[in-house]
Amino acid sequence: MDWQTPADYSTTVITEAQVRQLAGKPPVSGAWRDGDPAGERRFAPVGRIELESGESIPFVRVAFETWGELSPTADNAVLVLHALTGDSHVTGDATRGHVTSGWWKHMVGPGAPIDTDRFFVVAPNLLGGCQGSTGPASFAPDGVEWGSRFPFVTIRDQVAAQVALADELGIRSWAGIVGGSMGGMHALEWAVAHPDRVERLAILAAPPALTADQVATNSLQIEAVRSDPHFRGGDYYDSDEGPASGLALARRMAMLNYRSATELNDRFSRSWQSDISPLGDGGRFAVESYLDFHGNRFTRRFDANSYICLVDAMNSHDVGRGRGGVDAALARVSALTLVLGISSDRLFPVDGQRVIAAGIRDTLDGSEPVVLDSAFGHDGFLIEEEAVGAHLRRLLCTVP
């Protein structure tokens, strides 16, 4: 659900240089705020969004990035949807406006699997996110951050904001929608709720509905954030210190599901972080330091309220809710579809992708998903770029 560099997933020891990158107190919030450098972001005011709960957000702004050129008939647009802690910066360098480089940088561009010589690619930041779209760290109509007042949003509410963005851009139908993990939930919702607006669909490492086990895991992460004394019920933006410890702990919990047990064991075994023994002498195992480093780094680029908001939205995901069940919902999908899973994924196991592939009538590979044999676990859809890219080329080069 997050992106890492090759060094991140090959190293077994966090170096002193890496630790120094995080010297100093973390910010109260890692959200992008008005007045910060925009980087490659564009902003679309999409107006009022009515929510499933009956509440509404009176003014929504969607931050997004684009690559390529929209054709005169607007028939070459591809929507790329990010995972839980992603954003609109799919490809490109880290700059003053983007604290990290693109999370899928080899997948979008000239001649890439999502080829910008052919397609106009759009990547929005989610409603409720913290990298430019309206979310808890944004200013409410009274000029104060939404904070604890930000309403509960669902996967369907977030897709409603994406639909409004498409309308604003003049895109009636997407040549393709590609989403992984939480982005795959949005992609699936698009194809079920708006089948006439999706020609090709790629669902990568995503389930048809969250299970009780997955909701339980998410609940622990939410509680980790809320239990931080600096969380202050969600109203911490004017404080000297934010809930960084709770957010970092939630991140550490999540990372255990993003990677496979095999990969962690192979990479770290029982190695120590330093010469100091972790067996009573105050030292640490290398895997502990690895999780700490990435948890602490996360607090520099994310917002605690957004994390809770987006995890809650993920928990809402059930494509069959109110539609007669999952099978009935999947039967609505008319797009030519690629369903892809990762063999070692313990966050969203392949069983979920099998249900999706069996329920959609027009898939690239019949009633079975493509299953990549990867040791990287859930993050394999981000790391195994060559293999994933080959399947995306198959999908996007096929005429529906």
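Buried means under 20% relative accessible area, exposed means over 50%, and partly exposed lies in between (1.4 Å probe, protein chains only). The exercises concern a predicted model in which local features need pLDDT of at least 70, side-chain atom pairs count only at pLDDT 80 or more, and totals for chains, interfaces and linings use all residues. Residues are numbered from 1 along each chain as its sequence is written, and side-chain values use heavy atoms, with hydrogens and water left out.

**Exercise 1.** Find the salt-bridge partner of Arg61 and state which parts of the chain the pair ties together.

*Solution.* A salt bridge requires a side-chain nitrogen of Lys or Arg within 4 Å of a carboxyl oxygen of Asp or Glu. For Arg61 the partner is Asp34, with the closest N and O atoms 2.8 Å apart. Arg61 belongs to strand 2 (residues 56-67) and Asp34 to the loop between helix 2 and strand 1, so the pair ties together parts 27 residues apart in sequence; helices (H or I, at least four residues) and strands (E, at least two) are DSSP runs, numbered from the N terminus. Asp34 is partly exposed at 45% relative accessibility, whereas Arg61, at 19%, counts as buried.

**Exercise 2.** Carry out the corresponding analysis for Arg197 and Asp167.

*Solution.* The closest N and O atoms of this salt bridge are 2.9 Å apart. Because Arg197 sits in the loop between helix 4 (182-193) and strand 8 (200-204) while Asp167 sits in helix 3, the pair ties together parts 30 residues apart in sequence. Arg197 is buried, with a relative accessible area of 7%, and Asp167 is partly exposed at 46%.
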